[in-house]
Amino acid sequence: MIDPANAASPLSSAEQLRYARHLSLPEIGLDGQRRLRQASVLVIGAGGLGTPALLYLAAAGVGRLGIIDPDRVELSNLQRQILYSTDACGSPKVEVARDRLLALNPHLQIDVYPAAFTLANAAPLIADYDLIIEGSDQFATKYLVNDACVLAGKPYIGASIRAFSGMLAVYAAPEGPCYRCLFPEMPAPETVPSCAQAGVLGTVPGLFGILQAHETLKLILGIGEPLIGALLKIDLLTMRFQKLRLPRDPGCPGCGASSTRHTLSESAAVCATPARHTEADLPWLSVAASQQRPALRWVDVRTTAEFTAGHVPGAIHAPLDQIEDWAGSVGPHDELLLYCWQGGRTVQAYHRLPGTLQGQVSLLQGGYEVWLNRQG
Ligand SMILES: [Zn+2]
């Protein structure tokens, strides 16, 4: 914990030098820099949004940062998760992040949680920080963060991104709206592509992560007009910025007066199940096992752009949206192995095939990503 006596203590000479560009701003100055030093921020997800946000919060001197993420660094993260270097692949993200952030600013306290953000840890974690940054790519987590922050009465800065666009707001502030005021219920997992299959230009999460850090600093410093009751939408292909009014919905199932949710377990029951694409009872085949079956015909169900960029040699291309038509060309003795990037679309493709064909079909466990990783 930060020492309360620290609040009024002067800045060291090293701190005065480090934060000179803050100290010369009348809106920040000594009092503002002390506020930053006293503040604590929890960053949920150390990915495309969380990593740029963390770099700027650490650089700005936010005294205590919490980072929760269960994942290890992967090569496919490095296109946008700028905290990590190539030699960090395989290491837990939160540990790599802590080392890097302390190298940037040794004055900070960094708490790390190499775990998923779940119903079990949500309430105590949120209670322990002043502000929350929601940087998850899972809808279940977004709703859990929202509900936990509403119940705790704690504002959080949320962002959602797609390929070239995104939106940002401060949710769950007193009198402000929550995420459920905008989107009352979680969409069905199969209707929402994850970043792994949808793709994103690396600068898009970068910009939104920095905007999340920026709103966080404004809230700590009490300056400007934070995005409370407002939604910032940005189309980064056309560079169209829109600031829309986002009022609180009195009938909101999350924060409205008629909400019957008073505990997190009630509130988050609808989203306690993360969006998992793998279905355990399907005929999955590992990459290793697939190599023992040379008669298999590999079928790539990804988009043309993905297939063109690289695929398993000899694979047939049958994009998911054409899989029903393609199924007509399958012979009665063909043995098929479906794959996509990670497995989500493979499951969808399997379910779209006629029942008579499903007995001839296996699904590649882990998808093309795992296959690629085994190629060295
Ligand atoms: Zn609401």
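Donors are N, O and S atoms within 2.8 Å of the metal (3.2 Å for Na, K and Ca); water is not among the atoms, so sites may look incomplete. This is a predicted model, in which local features need pLDDT of at least 70 and side-chain atom pairs count only at pLDDT 80 or more, while totals for chains, interfaces and linings use all residues. Residues are numbered from 1 along each chain as its sequence is written, and side-chain values use heavy atoms, with hydrogens and water left out.

**View 1. Four cysteines hold the zinc ion.** The protein donors are the SG atoms of Cys178, Cys181, Cys252 and Cys255. They lie 2.3 to 2.4 Å from the zinc ion. Along the chain, the donors follow the spacing C-x2-C-x70-C-x2-C. Cys181 and Cys255 link distant parts of the chain, 74 residues apart. Cys181 sits in helix H8 (residues 179–182). Cys255 sits in the loop between strand E8 (240–245) and helix H11 (264–268). Helices (H or I, at least four residues) and strands (E, at least two) are DSSP runs, numbered from the N terminus. The 4 donor atoms subtend angles of 95 to 127° around the zinc ion, so the arrangement is tetrahedral. Four donors count as tetrahedral if all angles lie between 85 and 135 degrees. Ideal angles for four tetrahedral donors are 109.5 degrees. Cys181 is buried, with a relative accessible area of 12%. Cys255 is buried too, at 13%. Buried means under 20% relative accessible area, exposed over 50%, and partly exposed in between (1.4 Å probe, protein chains only).

**View 2. Ala172 and Glu175 lie in the loop between E6 and H8.** Strand E6 covers residues 165–171. Most residues other than glycine have a negative phi. Ala172 is not a glycine, yet has a positive phi of about 65°. Glu175 is not a glycine either, and has a positive phi of about 75°. Ala172 is buried, with a relative accessible area of 10%. Glu175 is exposed, with a relative accessible area of 70%.

**View 3. E7 and E8 form a hairpin.** Strand E7 (residues 230–235) and E8 pair in the antiparallel sense over 6 bridges. Two strands pair if DSSP finds at least two bridges between them. Asp235 has Arg240 in E8 as its bridge partner. The hairpin has 4 residues between the strands. In this hairpin, Met239 takes a positive phi near 60°. Of the 6 residues of E8, the number buried is 0, so E8 lies largely in the open.

**View 4. Five strands form an open, parallel sheet.** The order is E9-E13-E12-E10-E11. Strand E9 (284–285) and strand E11 (316–317) stand at the edges. Each has a single partner strand, so one side of each is left without a neighbour in the sheet. E9 is joined to strand E13 (residues 361–364) by 2 bridges. Trp284 stands opposite Leu363 in E13. Helix H15 (residues 344–352) packs on the sheet, touching E9, strand E12 (336–339) and E13. Contact means heavy atoms within 4.5 Å. The direction of H15 makes about 170° with that of E13. Axes are lines fitted to C-alpha atoms, for helices over the stretch in contact, and angles run from 0 to 180 degrees between N-to-C directions.

**View 5. Helix H17 (residues 367–374) has buried residues.** They are Gly367, Tyr368, Glu369 and Trp371. These buried residues pack against helix H12 (287–290), strand E10 (297–300), E12 and E13. Just after H17, Gly376 takes a positive phi of about 70°.

Terms used. Tetrahedral: all angles 85-135°; square planar, octahedral: opposite > 155°, others 65-115°.
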